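Subject: Handover of a structure and notes on it

Dear colleague,

Please find below the structure that I am handing over to you.

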Amino acid sequence: MNNRPPYRHPHEPSKPSRLRTKGRKRFIVGIVLVVIGALALYPTPDESGDSSPVMGALIFIGVGIWLILWGRKLKEQGTSASRPMETSVSGASTDYGLPDAGETELDIGLAQGKETQRHHPKAPHGRAFEPWARLTQELELVGGSHRQSAFRTLLVDDQDLRQDGFTAKEVKVALVTDGDNPHDAEAVSAWIEDQHVAYLPREQTSPWNRILRHLESNGQYLLLPGRLTVTADGLDLQPKISIKYPELAALIPRNSYRESMSQLIPQGRKIQVTGEEDHMDNLIGFVESGREVPVYVTLRAITITRPRSVVELVQVELNGQRVGVLSSAQSQNFLPLVNYLEQRGKLAVARAIIVGSKLKADVYLYSVNAAEIEHAWLDAVADISGDNNHLSPPDEDW
């Protein structure tokens with residue numbers, strides 16, 4: 001059974017405010033009863049000798065005094081509950097100079113008689129880069145409880161949070177360097193959609209900075225899968241955000257491709273390349289024992305003449321060198337897409353993983369095929385002006 005109180009919107013009356021209101025009402029009613037009782041103690045000429053008015057007056061006065069005391073107590077409780085806690089600004093901060101949970105920087109600034117200005121990190125900019133190696137690592141982010149307005153914006157329509165006081169969902173988390181942070185020049189901010197929601201833990205930022213700066217220099221930002229859980233108690237939201245990622249060494253690919261003459265195919269399911277054993281000399285420089293190595297590979301259509309047949313296959317190249325081919329069945333799935341791009345002056349580029357040792361290595365594609373590609377992606381492929389003579393023919397010496 002869920003015992004969490006429901007989430008209350010900030011515009012609804014707070015508990016301290018309701019206590020003060022109840023206290024005022026009881027205080028006023030008590031005064032009225034005391035006044036009525038006091039007036040009843042003065043008998044009229046017709047009531048001399050009658051004790052019933054006196055008893056009634058004493059009851060009124062007694063109830064009135066009780067309501068006055070009760071009302072004062074409720075007012076005091078409401079006032080103390082709404083008063084901000086005293087906090088040492090110099091010694092009560094968490095990562096990156098954030099205030100303690102339950103207070104905002106504005107609370108602390110007003111307590112000192114001035115208003116503080118919060119640092120605003122830069123938002124994600126450019127193209128999102130999503131790694132494709134296996135997600136073997138997990139990390140919990142920090143500072144989310146100080147981003148109350150961000151989470152209220154993200155969860156404004158979340159019915160689970162409103163009804164049950166709890167919500168959990170899978171999210172995409174963008175990581176961006178925050179070199180202008182006044183507390184840590186290596187800080188890394190985390191974003192969900194367009195909201196700044198957290199930071200990487202301070203002790204984790206150094207290796208991440210090198211990777212993120214490399215991506216940002218190429219007009220990209222890192223986008224990772226994550227999980228968001230939020231528990232609500234009245235106005236307070238308690239978020240928890242974690243991200244999943246590969247080993248840092250397998251986060252970004254070991255090579256690149258020329259975007260002006262290539263088209264990266266969207267990421268898809270895992271597909272085995274064949275014939276790698278014949279091209280270990282081209283793979284050995286990328287193999288790392290016990291580790292997945294992400295790379296970009298080029299896909300080309302080739303024609304193979306056999307004694308009794310002619311077959312068309314898809315050749316897989318790494319930095320211009322052949323490292324294998326797709327099987328006949330998989331080649332038929334990819335050939336329409338590869339030919340579509342080549343006809344428009346584009347080389348087909350796919351994401352791939354290399355695993356193994358210096359003695360034997362395997363190559364796997366992570367790509368959609370011709371039947372899985374979306375029409376909007378095909379329509380968005382831009383033509384390269386001029387002829388296609390710059391596309392050199394593949395090496396078909398098998």
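Which residue does the side chain of Glu372 meet in a salt bridge? The partner of Glu372 is Arg269, with 3.2 Å from N to O. A salt bridge here is a side-chain nitrogen of Lys or Arg within 4 Å of a carboxyl oxygen of Asp or Glu.

Before going further, please note that this is a predicted model, in which local features need pLDDT of at least 70, side-chain atom pairs count only at pLDDT 80 or more, and totals for chains, interfaces and linings use all residues. Residues are numbered from 1 along each chain as its sequence is written, and side-chain values use heavy atoms, with hydrogens and water left out.

Salt bridges

The structure holds 14 salt bridges. In general, side chains of opposite charge can pair when their charged atoms come close.

Helices (H or I, at least four residues) and strands (E, at least two) are DSSP runs, numbered from the N terminus. Glu372 counts as partly exposed at 37% relative accessibility, and Arg269 counts as partly exposed at 41%. The terms are set by relative accessible area: buried is under 20%, exposed is over 50%, and partly exposed lies in between (1.4 Å probe, protein chains only).

A further salt bridge joins Arg227 and Glu170 at 2.6 Å, N to O. Arg227 belongs to strand β6 and Glu170 to strand β3, so this pair ties together parts that are 57 residues apart in sequence. Arg227 is partly exposed, at 38% relative accessibility, while Glu170 is exposed, at 57%.

Glu288 and Arg254 also meet in a salt bridge, again with 2.6 Å from N to O. Glu288 is in the loop between α7 (280–283) and β10, and Arg254 is in the loop between β7 and β8, 34 residues apart. Glu288 is partly exposed, with a relative accessible area of 23%, and Arg254 is partly exposed, with 36%. Salt bridges that share partners join Glu247, Arg254, Glu288 and Arg291 into one network.

Strand pairing

Strands β3 (residues 166–177) and β6 (residues 220–233) run antiparallel and are joined by 10 bridges. Two strands pair if DSSP finds at least two bridges between them. Within this pairing, Ala168 stands opposite Thr229 in β6. Strand β3 also pairs in the antiparallel sense with β4 (residues 188–192), over five bridges; there, the bridge partner of Val176 is Ser189 in β4.

How many aromatic pairs does a search of the whole structure find? The search finds five. Rings of Phe, Tyr and Trp (its six-membered ring) pair if their centres lie within 6.5 Å; planes under 30 degrees apart count as stacked, over 60 as edge-to-face and the rest as tilted. One of these pairs is Trp208 and Tyr245, whose ring centres are 4.9 Å apart and whose planes stand at 70°, so the pair is edge-to-face. Trp208 lies in helix α6 (residues 205–217) and Tyr245 in strand β7 (residues 236–245), so the pair ties together parts that are 37 residues apart in sequence. Trp208 is buried, at 1% relative accessibility, and Tyr245 is buried, at 8%.

Trp208 is among the buried residues of α6, which also include Ile211, Leu212 and Leu215. The buried residues of α6 pack against β1 (127–129), β3, β4, β6 and β7. Just after α6, Gly219 takes a positive phi of about 75°.

Other features

Ring pairs link Phe129, Trp132, Tyr257 and Tyr296 into a cluster. Tyr257 is partly exposed, at 23% relative accessibility, whereas Tyr296 is buried, at 10%.

Leaving aside neighbours within four places in sequence, Ser331 is in contact (heavy atoms within 4.5 Å) with Glu312, Leu313, Val314 and Leu326.

Yours sincerely,
A colleague
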